Amino acid sequence: MSKIVIDQIENSLPDYFEGLTFSKLAVLVDENTRRDCLPIISELIPIDLIIEIASGEANKTLTTCSRIWQALTDAEFDRHSILINLGGGVIGDMGGFCASTYKRGISFINIPTTLLASVDASVGGKLGIDFNGFKNHIGLFREPEAVLVDDIFLQTLPKEELRSGFAEVLKHGLIADIDYFKQVSSQGLDHENWKPIIAHSIHIKNEVVKSDPSEAGLRKVLNFGHTVGHALESHFLGTSNHLLHGEAIAIGMICEAYLSLKMLGLSKHNLDEITSSLVSNFGKVKINRKELPDIVKHTYQDKKNLNGNLNFSLLKSIGEATFDIQVNENDVIDSLFYYLQIAD
């Protein structure tokens with residue numbers, strides 16, 4: 001497992017690099033983290049190369065990977081070099097993927113700068129890129145050497161990006177800790193100190209990942225809300241209705257909570273509680289009924305599926321999730337109609 005440190009970056013970064021041996025060091029940034037976050041770390045460690053890519057999910061592609069690999073090649077980085085991914089989920093997923101495949105693998109460190117990356121994307125060793133509109137379609141499992149988390153970077157975020165990460169915080173409560181869900185749900189984004197929230201979410205995810213690093217079983221519960229959520233994210237990617245990851249996952253969790261009621265007997269009270277929380281924190285998104293078949297089509301690309309069957313991770317109750325629940329296409333459409341009734 002990666003070393004995970006939740007501390008001020010001016011303490012954790014020099015401490016981690018003390019005594020560390022490497023030939024060269026690169027930092028991967030986008031235009032936002034170069035402006036707002038790179039100055040925070042640039043005086044703490046020696047940086048040989050800064051690689052800047054364009055921000056956003058639409059740029060999480062092989063084309064961008066080629067630019068990253070070319071920059072490392074041009075700067076003559078060898079197998080003993082190291083890459084720091086300074087950014088959100090896109091930077092961490094793609095930077096880790098590029099590091100893991102450059103010269104058959106160089107070391108990399110994640111310094112997450114968003115709430116989403118801090119509590120979810122930077123932890124657990126899932127790496128990948130999007131391919132032909134399919135979310136995280138090409139990738140692998142490989143742990144970073146370390147994840148260094150400092151909530152100071154959250155001060156650089158617009159509210160919509162903070163809210164996007166908050167969906168994963170709520171998910172952690174829904175799948176594993178009812179008291180945590182109730183606490184963070186009632187507080188919403190009104191937190192003066194995010195550090196204990198980040199720490200508790202990382203703890204929940206880490207405990208699941210440790211028991212199932214390669215997602216053969218239990219780790220699938222971390223995908224609650226993501227089968228429908230990723231389908232929505234893929235469907236709207238590149239359109240004027242582009243959804244942030246957390247916005248799509250919030251809708252996905254509402255739909256999959258409805259499926260949990262239908263398939264596993266989740267109580268109506270729990271469904272109402274989940275729906276109310278997610279709508280109050282994320283609002284409502286208009287979806288045209290004519291788009292439903294295309295959205296459902298995207299669910300067939302979900303990585304939990306087996307032999308053409310749709311496999312979902314669902315809730316028995318708030319705080320207790322299970323996985324490998326087969327759901328048919330009509331049930332998925334019903335769940336989307338449930339959301340449409342709420343959003344109308």
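**Cavity lining and ring pairs**

Trainee: Which helix gives the largest share of the lining of the largest cavity?
Mentor: Helix α11 does, with 4 residues. Helices are DSSP runs of H or I, at least four residues long, numbered from the N terminus. A cavity is a set of points on a 1 Å grid over the protein atoms alone where a 1.4 Å probe fits but cannot get out, and lining residues have an atom within 4 Å of a point.

Trainee: What kind of model is this?
Mentor: This is a predicted model, where local features need pLDDT of at least 70, side-chain atom pairs count only at pLDDT 80 or more, and totals for chains, interfaces and linings use all residues. Residues are numbered from 1 along each chain as its sequence is written, and side-chain values use heavy atoms, without hydrogens and water.

Trainee: Which residues line that largest cavity?
Mentor: Among them are Glu247, Ile251, Leu278, Phe282 and Tyr339. Both α11 (245–264) and α12 (268–282) supply at least two lining residues each.

Trainee: Changing topic, how many aromatic pairs are there?
Mentor: The whole structure has 5 (ring centres within 6.5 Å; planes under 30 degrees apart are stacked, over 60 edge-to-face, the rest tilted). Trp69 and Phe97 form a tilted pair, with centres 6.2 Å apart and 45 degrees between the planes. Trp69 lies in α4 and Phe97 in α5, 28 residues apart.

Trainee: Is Phe97 buried or exposed?
Mentor: Phe97 is buried, at 8% relative accessibility, whereas Trp69, at 22%, is partly exposed. Buried means under 20%, exposed over 50%, and partly exposed in between (1.4 Å probe, protein chains only).

Trainee: What about Tyr258 and Tyr338?
Mentor: Their pair is stacked because the ring centres are 5.0 Å apart and the planes are at 20 degrees. Tyr258 and Tyr338 are both buried.

Methods
1 Å grid on protein atoms, 1.4 Å probe; cavity = no way out; pocket = protein on both sides within 12 Å on 5 of 7 lines; lining within 4 Å. Phe/Tyr/Trp six-rings, centres within 6.5 Å; stacked < 30°, edge-to-face > 60°.
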